[in-house]
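Hi,

Here's the structure I said I'd pass along. Have a look at it first, then read on for what turned up.

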Amino acid sequence: MTIRTKRRRSRSLAAILAAMLMASVLSVVAGGPAQAANTSGEHLIDTNGDKVPDSRQFAGSHRYLTAQYLADAYATNAGSPSTVIIASGESMVDAVTASGLAGNLDAPILLTRTDRLPHNVARYIDGHNVSHVVIVGGTAAVSDAVQTAIEALGSGPTTERVSGADRYGTAAAIGGRLGGPNPTWCGSEQTAAILVNGGDSGRADAIAIGPLAFGLGLPVLLTAADELPQSTADFLTDNAVEHVVIVGGTGAVSESIRDAMIEDVGVISVRRISGGDAAGTSVEIAEEMLGKCADVIGATPDMVALVNRDATADGVAAGPAMGYGLGNGPIPVLLVSDELPAAVSDYLASTDEVRGGLKTNLSIVAIGGTAVVSNNVMAAAVAAAKTSPALTASISFNEKVPNRFSVTYSDDVKLPVGADDGIDYAGLEANELDGTVLDPTLYRINARRVEAQPDDADPQGTGPEQDSIANQIYVEDRTVTIVLSHNLAAGDVVSVVGGAKLGANDDLRPLEAASITISRSTPAADRSAPVIKIIAVAGESTFDVIVREPNLLTEVDGATYMADGGVKVRGSGVVLTDQPADFVVGRPGAGMMRYRFSLPDDDTETADVNESELSKGDVVEVSRNTFLDKGNRGNRLTRLTVQDPEPVDEFEIDTVSIGDATPQTSASATISTDMSVTAKGDGVAAGIAGNGWRIYGYADPSADATKKADIDVDVDTVHKIITYTINNGAPTQFDLARAFVANETFAANFTVDYADRTTLADKTTPVTATDPAGVGFEGGSSQVAVRVVFNDYVDALGADNALAAAIAGVTTLPIAQADENDDTVTTCAEDTPLCVQVMFQTPDNEVHITYTAITTGTPAVTGVLPVRGGTRVIPEGVATNFFASDPVVEGEDNSKAEVLRGLRPDSSLTPFGPPSSN
């Protein structure tokens, strides 16, 4: 039963003139905004851990996931909810009126399929230990099967259903469920309710009012355009509603409805909020939130949300999340379409440029992905909402001074209190640098912070808080110069983090991110000849010749070319004419080969002496052109006069350089026996990172095998989860593979394959859901190489692999035996996923170490890998020189001194292969 009304056919002259005057005033306001916010930008979040915002927060691959992301934000800002509201994501007629109830219950709104509870919704309820679920709508909207599935969840929530005979009755029932004291409108003491059109044309109005209805806890009732439903009228009467706010124009809710509520129902006052269209109405609501309602709900003027008026599901779920806000108070919702409506553009262009004496920045949140709020719409909104260009940074690098870079800002920037241009950060406390351009955490090299070492750092500490790859930071004329503890190499990425408000004089413009890649110089023609290094120590029966040349000439069988008789020892009566090189090995770094020569037996000595030994004064010589490169260029004549070991001022480490991490193995997971998913080496799950990923599969138990399979795939890069849901049918592995590769994020980061590629049999095998715990990836590994250069020849490395352990940042590494060549030690650290390969051949002043992180079946731990720019304290005793092996001389220092060195990046140093054993 409805209360029938009819539209008025005539209006008084005074009313018409008043309306015309109001319209002219509105047109002037809309068409000529005074000014916009000082700056504006899209609200983004960091999804890859580099602390640089890069993705939309509420861009789910489908409406159920977008609603969950909005509920996640609600939980983050309001705390984990004890109650949630579930509405149909397929029939939205009931859900549009739930925002007021959500505000009354302090609950987010999640969406469900009519006949099946989405797995991500189930995880949300269990993950937040939700104790009560309110279902809005009848069983035609949310089935009994969904209600049963909710009650069967691990958190054991109770459920209740709120519904009516039709959409109008359901809206009234939802309003009746609010309970407690009767809610009022802003600035009024009258009991209030909101009224919108219950048809398709009214859904956009209901979306726009959602955050305000949430904040006030007001019931949202439905009506036809010209007929007030009896259930709505009964609610108004039964609850003694005194004030009704109509949302929408007279085409949605006629003036005769207004009259009927006053004359027939007993409502005392009626107010209408409307614009020229849905977008204009959303603007009027935003102004209401920031005007009369500001003191009541505390809405933020620094953020707005954009919702596509046709994306009802996204808008419904946005009501509670935007009604609570993202940390700064409720956020108005503005409606857009495939274009930015003029009313919204004008509103954004009229926001405050200065507020409270401070320049403003407006952050714009997109609800949904680019398919619903396009990049063009967002760009137009950002452009409309700002008057000033963003604060920008320009990064410069001079290859003649490779250990520094400079950042020049487009305007005056904020310095530490009391500072003038030219100030250095040295001597200032860390909190004095926060929020200024001298804050080293603003700057990145290869996504790692350039962070000054704290004054109170633990000298033995190895955590990230002690990392220091900046020796000096200073500013002159808006240019910040950072002097590093190492040289930048080709391919390094230098960046400035965006988002910080660094402008001087209370300029709140956020900084735009900036980055440059150190360019690689054009390779010069190879005009360099092989370079020779001789290593020979008195008292030893062997010596080494190291050849450095990236294009060394080799024979067909792979052996390196060496001229006969080119290597000689003079002074001991020994000439090496038959080239007895018994050790040849390639080393990390381009074009390094090492040869070991053994002196022949000396028959003139007694039987107790089996081999000759080098003596002080002997000369080891490598003749000219003993080694040739592919351009037929040979080495220069090189000689070394053998000396007795002598003490050095302090036996220590000169440099510790590090090569880039390299994914050695791609992690993979097997699904349905014969199907495998493998992470790409250049994607988000490359190397050891893949071992933290899992694949969850879900299937509809009531699926009709005769129907075509419908498979949803989602790749969550934040939580490292791949999810596929079989909604119907009985798909084959081929169907699932096709669904995987159709997902853009999956295709960019993973590949799919079959156990037997020679037949289609495996591809046509029916696929089912995976284990409830998911399928884990395993097998991924990552590797870095380190070169340690001492200032004297090393006779032996210390016990327990102390050098490798110190660089890895662990206490000890197990002792391991050298391989058959007595040059490589491979070991795995206990209780860590770290394998270490140490390459060292005495005598030498270089030690090469490769660290490989490998885990299987458990999430990867990558922190044990050394990183570029890391700082390590090298303890005493990690190595012994030849002088220290002699009897200790009283008064002489024969020990390894404590050394502190940074890990210097070296682009020529690369990992050289996986360890021989794990």
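In this predicted model, strands β27, β30 and β31 make an open sheet in that order, with antiparallel pairing. β27 (567-570) and β31 (638-641) sit at the edges, each pairing on one side only. On average, neighbouring strands here are turned by 15 degrees against each other, ignoring direction. Within it, V567 stands opposite V622 of β30.

There's another open sheet to check out, this one with four strands in the order β20-β19-β23-β24, and its pairing is antiparallel too. Its edge strands are β20 (448-449) and β24 (514-517), and each of those pairs on one side only. Between them in the order, β19 (residues 443-445) and β23 (residues 493-496) run antiparallel and are joined by three bridges. There you'll find Y443 opposite V496 in β23.

Now for confidence, before you set anything up. The protein's average pLDDT is 79, and 78% of the residues score at least 70. Another is residues 817-822, where pLDDT stays under 50 and the model has nine contacts beyond four places in sequence.

Cheers

Conventions
Residues numbered from 1 in each chain as written. Predicted model: local features only at pLDDT ≥ 70, side-chain atom pairs only at ≥ 80, totals over all residues. Heavy atoms only, no water. pLDDT = per-residue confidence, 0-100. Contact = heavy atoms within 4.5 Å. Pairing = 2+ DSSP bridges. Helix = DSSP H or I, 4+ residues; strand = E, 2+ residues; numbered from the N terminus. Axes fitted to C-alpha atoms, helices over the stretch in contact; angles between N-to-C directions.
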